[in-house]
Amino acid sequence: MGEPGREEYKIQSFDAETQQLLKTALKDPGAVDLEKVANVIVDHSLQDRVFSKEAGRMCYAIIQAESKQAGQSVFRRGLLNRLQQEYQAREQLRARSPRGWVCYVTFICNIFDYLRVNNMPMMALVNPVYDCLFRLAQPDSLSEEEEAGPAGAHLPRSLQVDCLVLQLHRVGEQLEKMNRQRMDELFVLIRDGFLLLTDLRSLAQLLLLEIIEFRAAGWKTTPAAHKYYYSEVSD
């Protein structure tokens, strides 16, 4: 994961006041309202897919800074409380904004990836993360209408399939170590979707087959396999 404190964070999309708030939280967390900081980060993560992909790194850095400075966990507590609130309202979020839903799943997986207790993933996040991935693997999510891909892409993208596969690449191996039975059940859903859904789009089929083989190979892929599966996918 590298050294979070030494890296720049993509906060240019925030207004000047919020940028200053986040910079202060990273350097001198005791000088700001850390519950407000947690809410700002979650709110923005639900709207901005780019930021949601790296917010975990920023949250980790703030938690480390607060612990070092004061030995407290105000920010972590505020962050986890807000994640729980959004988790409990996840179906409403999904119905209201598919993009917001994908951002939330990306964000909670990112937090799961970075936050540690005694150098282990947080047990409190294991089932919520699994529940989100299970929702992405349901037939109505796998068969969603696709959106046009970025310039230069050959095929359109399915937001929820894309998210499911990307998050399994990121945290699948960690999740399996925490609860293998649920991972087995998740891949039954994914396999059934790949084999049985008649309205599954071609890129969705390609991505699901790739993640099935990725797990079967011990959460690893070869350069040749990557080239085969992603030759039609442009990031």
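Predicted model: local features only at pLDDT ≥ 70, side-chain atom pairs only at ≥ 80, totals over all residues.

Visitor: How many helices and strands does the chain have?

Guide: Helices (H or I, at least four residues) and strands (E, at least two) are DSSP runs, numbered from the N terminus. Here the chain has 13 helices and two strands.

Visitor: What share of the residues counts as buried?

Guide: Buried means under 20% relative accessible area, exposed over 50%, and partly exposed in between, with a 1.4 Å probe and protein chains only. Of the 235 residues of the chain, 49% are buried. Contact means heavy atoms within 4.5 Å; among contacts between residues at least 6 apart in sequence, 67% join residues at least 24 apart.

Visitor: At what angle do α7 and α10 pack?

Guide: Axes are lines fitted to C-alpha atoms, for helices over the stretch in contact, and angles run from 0 to 180 degrees between N-to-C directions. Helix α7 (residues 98-114) packs against helix α10 (residues 159-178) at about 10°, and their axes are 10 Å apart. Angles under 35 degrees count as roughly parallel, over 145 as roughly antiparallel, 65 to 115 as roughly perpendicular and the rest as oblique; α7 and α10 are therefore roughly parallel to each other. The residues that meet include W101, V105 and F112 in α7 and C163, V171 and L175 in α10.

Visitor: Which classes of residue make the contact of α7 with α10?

Guide: Ala, Val, Leu, Ile, Met, Phe, Trp, Tyr, Cys and Pro count as nonpolar, Asp, Glu, Lys and Arg as charged, and the others, Gly among them, as polar. The contact of α7 with α10 has 10 nonpolar, five polar and three charged residues.

Visitor: Where is V171, and what does V171 touch?

Guide: V171 is in helix α10 and is buried, at 0% relative accessibility. Beyond its neighbours within four places in sequence, V171 is in contact with C109, F112 and D113. V171 and D113 are 58 residues apart along the chain, yet their C-alpha atoms are separated by 6.3 Å.

Visitor: Which residues have the most contacts inside the largest nonpolar core?

Guide: In soluble globular proteins, nonpolar side chains tend to be buried together. A nonpolar core is a set of buried Ala, Val, Leu, Ile, Met, Phe, Trp, Tyr and Cys residues joined through side-chain atoms within 4.5 Å. The largest one has 72 residues, and V37, I41, F75, L79, L133 and L168 have the most contacts inside it. Helix α7 gives the most to this core, with 10 residues. Leaving aside neighbours within four places in sequence, L79 touches A38, V42, C59, F107, I111 and L115.

Visitor: How many disulfides are there?

Guide: A disulfide is a pair of cysteine sulfur atoms within 2.5 Å, and the count here is zero. The closest cysteine sulfur to that of C132 is in C109, at 6.9 Å, too far for a bond. C132 is buried, with a relative accessible area of 0%.

Visitor: Which residues does D48 contact?

Guide: D48 lies in the loop between α2 (34-45) and α3 (49-52). With neighbours within four places in sequence set aside, D48 is in contact with S13 and C103.

Definitions and conventions:
Residues numbered from 1 in each chain as written. Heavy atoms only, no water.
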